[in-house]
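Hi everyone, thanks for making time this morning. Let me put the sequence and the structure up on the screen, and then we'll walk through them together.

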Amino acid sequence: MKKTAAAPTPAPAPVTPAPRVGRVSRLSQLTVPSMAQSVASTAAKSSFTQVASTALVPPPHVALKKDPKLANNWKTKTPEQLTDPEVIAMPDSEYMNEKQMAYFRLKLVGLKQGILENAGETTEHLREDTVVVPDPADRATIEEEHALELRTRDRERKLLKKIEQSIQRIDAGDYGYCDETGEPIGVGRLLARPTATLSLEAQQRRELKQKMFGD
């Protein structure tokens with residue numbers, strides 16, 4: 001009897017590796033924030049926005065162009081009613097008169113109040129975020145945001161000291177004049193940086209000296 005040759009065994013189909021469920025799950029944890037992370041992120045971003053809009057970011061440069069139509073407005077308005085353009089338009093002979101001093105005091109007090117309010121909100125945020133978050137990525141995010149907020153508060157603390165010193169200078173009648181030269185700092189520079197103690201030229205000389213000598 002003639003034997004029939006056995007049919008060749010087909011090669012096994014390649015096996016597609018199963019998706020790594022662990023990696024997908026981990027990715028979901030990283031890309032979809034938990035509720036605690038969202039709360040902390042919202043709090044930190046809100047606080048940081050307030051800082052940027054008040055103390056840490058200097059106001060935009062104030063143009064020194066005087067509007068003659070506003071030159072005498074200061075005579076009929078209280079410091080609370082005056083605006084920056086009206087203060088700029090005041091005659092040079094009235095530089096740092098009582099009304100102008102009072103106007104800058106209001107600005108400094110407003111900055112101080114904003115910093116104190118931000119500090120209180122930071123304390124409240126840190127107290128609210130003391131809940132234990134099990135996910136390491138969430139904990140790292142919250143801790144990073146806390147560190148950012150604390151660094152911001154530290155810079156504000158230093159600014160607060162300068163603000164208080166500026167208010168003391170107003171009380172002593174020394175506000176608005178350069179510590180090095182005794183010359184007027186200028187209304188425009190003070191509006192942009194109310195805590196300035198040096199004229200623009202003196203500040204530039206000091207910065208150049210620091211770059212040259214590192215002192």
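Let me start with a question: is Asp 67 buried, partly exposed or exposed? Asp 67 is partly exposed, because its relative accessible area is 34%. For the cut-offs, buried means under 20% relative accessible area, exposed means over 50%, and partly exposed is in between, with a 1.4 Å probe and protein chains only. Asp 67 sits in the loop between helix H2 (35-53) and H3. Its C-alpha atom is separated by 5.7 Å from that of Ala 89, and the two residues are 22 residues apart along the chain.

Now, what are we looking at? This is a predicted model, in which local features need pLDDT of at least 70 and side-chain atom pairs count only at pLDDT 80 or more, while totals for chains, interfaces and linings use all residues. Residues are numbered from 1 along each chain as its sequence is written, and side-chain values use heavy atoms, with hydrogens and water left out.

On confidence: pLDDT is the predictor's confidence in each residue, from 0 to 100. The protein averages 74, and 59% of the residues score at least 70. Over residues 17-63 the pLDDT is below 50, yet beyond near neighbours in sequence this stretch has 52 contacts in the model; a contact means heavy atoms within 4.5 Å. Where pLDDT is low, the predicted coordinates should not be read in detail.

Next, the overall picture. The secondary structure comes to 7 helices and 0 strands; helices (H or I, at least four residues) and strands (E, at least two) are DSSP runs, numbered from the N terminus. Of the 215 residues, 31% are buried. Among contacts with a separation of 6 or more, 62% are between residues 24 or more positions apart. The accessible surface comes to about 14,700 Å², and 58% of that belongs to carbon and sulfur atoms; such areas come from the Shrake-Rupley method with a 1.4 Å probe, and for residues only the protein chains shown count as cover.

Now the rings. How many aromatic pairs does a search of the whole structure find? There are 3. Rings of Phe, Tyr and Trp (its six-membered ring) pair if their centres lie within 6.5 Å; planes under 30 degrees apart count as stacked, over 60 as edge-to-face and the rest as tilted. Tyr 95 and Tyr 177 are edge-to-face, because their planes are at 85 degrees, with the ring centres 5.5 Å apart. They are 82 residues apart, Tyr 95 in the loop between helix H3 (84-88) and helix H4 (98-128), Tyr 177 in the loop between helix H5 (136-172) and helix H6 (187-192). Tyr 95 is buried at 15% relative accessibility, whereas Tyr 177 is partly exposed at 29%.

Phe 104 and Tyr 175 make a tilted pair, because their planes are at 50 degrees, with centres 5.6 Å apart. Phe 104 lies in helix H4 and Tyr 175 in the loop between H5 and H6, so the pair ties together parts 71 residues apart in sequence. Both Phe 104 and Tyr 175 are buried, and together with Tyr 103 they form one aromatic cluster.

Staying in helix H4, we find Gln 100, which is buried with a relative accessible area of 1%. Leaving aside neighbours within four places in sequence, Gln 100 is in contact with Val 87, Met 90, Glu 94, Tyr 95 and Val 187.

That's my tour, so over to you!
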